[in-house]
Amino acid sequence: MEEIQYIGEHLWPGRIGHFLAILGFITALLGAVAYYFALEDKSTEARPLWKRIGRWSFGIHGLSVFGIIGMIFYIMLSQYYEYSYVFQHVSDDLPLRYIFSAFWEGQEGSFLLWMFWHVVLGYILIYKAGEWEAPVMAIFSLVQFFLASMILGLFFYYWGGELKMGSSPFQLFRDTANLPIFQRADYATLIKGDGLNPLLQNYWMTIHPPTLFLGFASVLVPFAYAIAGLWTKRYQDWLQPVMPWALFSGAILGLGILMGGAWAYEALSFGGYWAWDPVENMSLVPWVILVAGIH
């Protein structure tokens with residue numbers, strides 16, 4: 001059967017996005033390895049080189065994450081419904097102010113929002129962490145490596161089956177559904193998006209998720225310092241530099257939880273906070289543990 005030559009598709013943003021996803025995945029791993037050797041290499045001459053490699057790797061990783069997010073916003077604003085992610089979350093009548101909400105409505109967008117905050121915090125730590133940079137950023141890079149695997153969308157074939165790693169936000173709609181319309185070469189000009197859930201077309205959806213995810217992301221800083229303290233056997237020294245970060249995490253995560261509670265009572269008619277999304281309820285658990293740790 002002759003393969004259909006589709007017309008009207010805009011494939012270049014997806015190709016750039018796929019490339020950046022792979023680049024971000026590789027550079028996160030390279031950063032973790034480089035920072036590991038920056039701490040563990042016995043050669044005092046080699047350690048600064050490993051640290052520079054770690055910094056450059058994490059820097060390129062961060063630029064890759066920013067580029068992926070930029071490409072997603074581009075295909076959303078352009079309403080390229082040939083992409084499954086755009087079809088699921090955007091529509092012609094969606095107000096422009098809810099494009100951000102549509103971005104992090106999906107799982108891939110949520111992972112990218114989390115990674116975005118990790119990159120911002122990582123850049124600050126590279127500048128501010130001083131002697132703790134290598135062990136802390138090794139943990140940061142490793143976490144980013146695992147998160148980056150969630151948006152790869154790569155298939156690995158082996159005898160007896162296939163293995164899919166992650167879900168790409170740049171997957172084409174025709175690759176995710178078997179519909180008669182995809183027998184037409186010009187299908188891209190005929191489809192319209194499903195759009196954002198009407199319950200989520202609310203100002204809370206614009207400000208609450210980025211605040212909550214900043215809280216989630218910032219909790220990685222105390223965790224990374226704690227692991228660094230165990231790693232370097234400096235069991236008390238890590239407490240002083242981590243305290244401002246722990247207070248920041250507790251404040252931001254607490255603010256995000258309050259926003260979710262207010263949203264539950266105001267807009268979503270879920271019957272209040274405790275009848276609300278289990279993700280919101282579970283966000284209270286790390287906050288309680290964090291506050292206990294601060295005290």
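## Helices H8 and H9

In this predicted model, helix H8, which covers residues 220-232, and helix H9, which covers residues 239-266, have axes that come within 8 Å and cross at roughly 150°. Because angles over 145 degrees count as roughly antiparallel, H8 and H9 are therefore described as roughly antiparallel to each other. The crossing in which H8 passes H9 is left-handed.

On the H8 side, the contact is made by Val221, Pro222 and Tyr225, while H9 contributes Pro241, Val242, Trp245, Ala246 and Ser249. Sorted by class, the residues of this contact between H8 and H9 comprise seven nonpolar and one polar, with no charged residues.

## Helices H1 and H2

Another helix pair is formed by H1, spanning residues 12-40, and H2, spanning residues 46-77, which pack at an angle of about 155° with their axes 7 Å apart. That angle is likewise over 145 degrees, and H1 and H2 are therefore roughly antiparallel to each other. Their crossing is left-handed, and the residues of the contact of H1 with H2 divide into 20 nonpolar, nine polar and three charged.

Helix H5 runs through residues 107-128 and has 22 residues, reaching 32 Å from its first C-alpha to its last, a span that is close to the 32 Å expected at 1.5 Å a residue.

Definitions and conventions
Residues are numbered from 1 along each chain as its sequence is written. This is a predicted model: local features need pLDDT of at least 70, side-chain atom pairs count only at pLDDT 80 or more; totals for chains, interfaces and linings use all residues. Side-chain values use heavy atoms; hydrogens and water are left out. Helices (H or I, at least four residues) and strands (E, at least two) are DSSP runs, numbered from the N terminus. The expected span of a helix is 1.5 Å times one less than its number of residues. Axes are lines fitted to C-alpha atoms, for helices over the stretch in contact, and angles run from 0 to 180 degrees between N-to-C directions. Angles under 35 degrees count as roughly parallel, over 145 as roughly antiparallel, 65 to 115 as roughly perpendicular and the rest as oblique. A crossing is left-handed if the near helix is turned anticlockwise from the far one by less than a right angle, and right-handed if clockwise. Ala, Val, Leu, Ile, Met, Phe, Trp, Tyr, Cys and Pro count as nonpolar, Asp, Glu, Lys and Arg as charged, and the others, Gly among them, as polar. Contact means heavy atoms within 4.5 Å.
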